[in-house]
Amino acid sequence: EYRRRDTSGHKLQYFATCTPGLEQVVAQELQSSQVQAMSVVVGHLGVHFKGKITQMSLCNNPEMDTLSSTRVLLLLSEDELDPYRPGGDSVYDFVRNAAPWAQLIPVGGTFLVKSHVWNCSQISNSMLASTRTKDAICDALRQEHRQKPRKPSIPEEADVPLVLSLHRDRALLYRDMTGVSLHKRGYRDAMHKASLNEATAAGVLQLSGWREAVASSAPKSSPVTLLDPMCGSGTLLIEAALMAMQVAPGLYRSSWPFESWPDFDPQEFAECRREAQEAERELPMHVRIMGLPQLPRGIDQEHLTREGNDMHSGALDLASRDIRAAGLGDLIELRQGDVAALAPEE
């Protein structure tokens, strides 16, 4: 019989996905004092970790405190598939017993399944895996609710997004806490075709030492400058400013999938958001920008600058719009020109 995870207990198991090469960065973020993850293990394209349901999945929500991850998945069940049975049947049986589906997906609720399959004995098609997963969940819900669940009108807005991972006959089923990828912060309504992923930009900034440079700088020392000579639509500049201002990336988003889950605690989540907002406002402010907090203690606009340069006027127009939408219009300077002629100011 397949093993079902007890999601009502204190320690839950998660997987935070990320851009290849940023696993160590995400691991460091998860081990920070804000998130306080336990049993952090770096994996392929992400990081495994554990936490307490009241602190991790609600109060110190990973979506609000990790900058470089793209999704945070909550493990529902895991087990080995039978290598001698038809793959579709094994997946069906695993998923049917993976969770109390009638509790996780209420009447009228919607769900979506994304499957990933690598090197399994009896199944190689992710579409088949998704189809059999849907069959198992629909059968379980029909048995309890006496009706078939609705199909989400917009896939990314499903009430319960699910991720099925099948690797070498090992099956893992997750609830996706993020819905829309975490790199979509919420301040950008249009994307340049070559725009840098926001979560990747944040990871690159972490690797560059930008956060440490800001934290260790003194008001009367030389300015701390981040210069992006080919800034495109300004992703690095925006993420650098938000990081310096200690803005939780999830605060720009208006909704999360888990807010409609039966086990969601709205009071605790509201407290989490309130604490994040208060932390920003507690920083000494010298410039007020669209309601967002100012720079960290002792650092004013002259001391901490970000400059962007690009030859393409269209990219600069898009960067300017995104910067204003993020409330950073007075903090980021944009210039149009050839990078070969650009010289940083002394």
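R274 and E271 lie three residues apart in helix α10 (residues 266–281), so about one helical turn separates them. Helices (H or I, at least four residues) and strands (E, at least two) are DSSP runs, numbered from the N terminus. This is a predicted model, in which local features need pLDDT of at least 70 and side-chain atom pairs count only at pLDDT 80 or more, while totals for chains, interfaces and linings use all residues. Residues are numbered from 1 along each chain as its sequence is written, and side-chain values use heavy atoms, with hydrogens and water left out.

- The side chains of R274 and E271 form a salt bridge with an N to O distance of 2.3 Å; the term denotes a side-chain nitrogen of Lys or Arg within 4 Å of a carboxyl oxygen of Asp or Glu.
- R274 is partly exposed at 33% relative accessibility, and E271 is partly exposed at 28%.
- The accessibility classes are buried (under 20% relative accessible area), exposed (over 50%) and partly exposed (in between), with a 1.4 Å probe and protein chains only.

- Across the whole structure, the search finds ten salt bridges.
- One of the pairs is R170 with E78, whose closest N and O atoms are 2.9 Å apart.
- This pair links distant parts of the chain, with R170 in strand β8 (residues 170–176) and E78 in strand β5 (residues 69–80), 92 residues apart.
- R170 also forms a salt bridge with E80, at 2.8 Å from N to O.
- This second pair likewise links distant parts of the chain, since R170 belongs to strand β8 and E80 to strand β5, 90 residues apart.

**Positive phi angles outside glycine**

- N119 is not a glycine, yet its phi is positive, at about 50 degrees.
- N119 is located in the loop between β6 (111–118) and α6 (126–145), and a relative accessible area of 59% makes N119 exposed.
- D169, also not a glycine, has a positive phi of about 70 degrees.
- D169 occupies the loop between β7 (160–167) and β8, and its relative accessible area of 12% places D169 in the buried class.

- Helix α4 (residues 87–96) is mostly covered, with seven of its ten residues buried.
- Which residues of α4 are buried? They are G87, G88, S90, V91, Y92, F94 and V95.
- These buried residues pack against β5, α5 (101–104), α6, β7 and β8, where contact means heavy atoms within 4.5 Å.

**Cysteines**

- How many disulfides does the model contain? The count comes to zero, a disulfide being a pair of cysteine sulfur atoms within 2.5 Å.
- C120 is buried, with a relative accessible area of 14%.
- C231 is buried as well, with a relative accessible area of 6%.
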